[in-house]
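Dear colleague,

My notes on its contents follow.

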Amino acid sequence: MKEEEYMRVGTTLYKVVNQPCASGGYEKRRVIWNNSTLRQDYGKNYLATVPKYDGFCTVPDHLNYRKEIDGFLNLYEPIEHTPQIGDFPNIRSLVLHIFGEQYNLGLDYLQLLFLQPLQKLPILLLVSEERNTGKSTFLNFLKAVFGDNVTFNTNEDFRSQFNSDWAGKLLIVVDEVLLNRREDSERLKNLSTTFNYKVEAKGKDRTEIAFFAKFVLCSNNEYLPVIIDAGETRYWVRKINPLQNDDTNFLQKLKEEIPAFLFFLTQRELSTEKESRMWFNPKLTHTAALQKIIRSNRNRLEIEMAELFLDIMSNMDVESVSFCLNDLMTLLVYSQVKAEKYQVRKVVQEVWKLTSAPNSLSYTAYEIAPHRDCHYETKRKIGRFYTITKEQLTAI
């Protein structure tokens, strides 16, 4: 009989089984058992030999893993690999392919996953409209490194109220993400920064646990895989290029190099210091791919407003424009853009994060000049105005 094939946690008896997976291999599960069946199979005295725990806990640790902690069974799984010195050319090439010019940041990300599993990290989103880019290979590599502490989710899993199968994992990965509803995006952002989370399973009461999972998402949609608003700092988006060659044994080669790679991570010095709740300074993980998604998420009114201000700056040869909401409403009417004032205010204050002058002050306003060579003319006004610059608009 296998060691610890059965266990009692609290007052519930479990049998440990290896459930076959459709993709090959097995997934470890604890199935609720009963005392009478155990006595039938192994006799009445066997129950006394079954390991007993007071309850479950989830404590991630890859170097000094403990299965039992003060009488509680650790649900976090040990990884199969023991770090040992060696070379890892295939893993190095994969990390370089995924992170490109941000190679050292990518190594920092993987090092923090291994050595500091409780540290919050940005939502890593890998995008490419092209095929054969290695995105799925990278996900499978993470699964090979961290084993059962990595779970593959679907878009529907995020929307389900039942989350007990993924709430205690290190990594939650989605191969074809499409979370283009506002509530999906908000939930994903909240999960990426929360420290505690309510776990709910069918037929069981909700319980609160420490939540330390990191998200790795892949998508073939470079424009709208998820809703990302301007100023959002929780995403790290990488545009992945196609692979130059297709090695069918590449994943196996990666697996053979994992012990050497983990040893390297234990010896390597991080290239960054903690500068935010998600470790990295948001400026370091801001990419053109992220900016493309932010721009694609802009609503029509915001685009019209931005184009209007850029047109004024171009015609009047200025780098910034000051305005009150009434000025902007008049300009939009002349531009045949239909908008309510509350919609304009929302873009200015909530999307662009502009703050009005604290008091009524004099400023230069711009008005339509239809009978002059220049489309606009200036006028001195007094009010609590906003100011937006060309740099801000081009960064939106």
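How many aromatic pairs does a search of the whole structure find? The model is a predicted one, and the search returns 19 aromatic pairs.

One of these is formed by Tyr6 and Tyr46, whose ring centres are 6.3 Å apart; with the planes at 80°, the pair is edge-to-face. Because Tyr6 belongs to strand E1 (residues 6-9) and Tyr46 to the loop between helix H1 (35-42) and strand E4 (52-53), the pair ties together parts that are 40 residues apart in sequence. Tyr6 has a relative accessibility of 1% and therefore counts as buried.

Tyr109 and Trp236 also make an edge-to-face pair, at 6.1 Å centre to centre and with 75° between the planes. Tyr109 is located in helix H3 (residues 103-115) and Trp236 in strand E14, so parts that are 127 residues apart in sequence are tied together by this pair. Both Tyr109 and Trp236 are buried. The two residues also belong to a cluster linked by ring pairs, together with Phe88, Phe99, Phe138, Phe141, Phe261, Phe264 and Phe280.

Charged side chains lie over two of the rings. Arg92 is placed over the face of Phe88, 4.4 Å from the ring centre, and Lys292 over the face of Tyr223, 5.0 Å from the ring centre.

Finally, I draw your attention to Asn220, in the loop between strand E13 (214-219) and strand E14 (235-239). Its side chain makes a polar contact with that of Lys135 (3.4 Å). Leaving aside neighbours within four places in sequence, the residues in contact with Asn220 include Ser128, Glu129, Glu130, Arg131 and Glu176.

Yours sincerely

Methods:
Residues numbered from 1 in each chain as written. Predicted model: local features only at pLDDT ≥ 70, side-chain atom pairs only at ≥ 80, totals over all residues. Heavy atoms only, no water. Helix = DSSP H or I, 4+ residues; strand = E, 2+ residues; numbered from the N terminus. Polar contact = N/O pair within 3.5 Å; in protein donor to acceptor, adjacent residues only side chain to side chain. Contact = heavy atoms within 4.5 Å. Phe/Tyr/Trp six-rings, centres within 6.5 Å; stacked < 30°, edge-to-face > 60°. Buried < 20%, exposed > 50% of the residue type's maximum accessible area, 1.4 Å probe, protein only. Lys NZ or Arg CZ within 6 Å of the ring centre and 35° of its normal.
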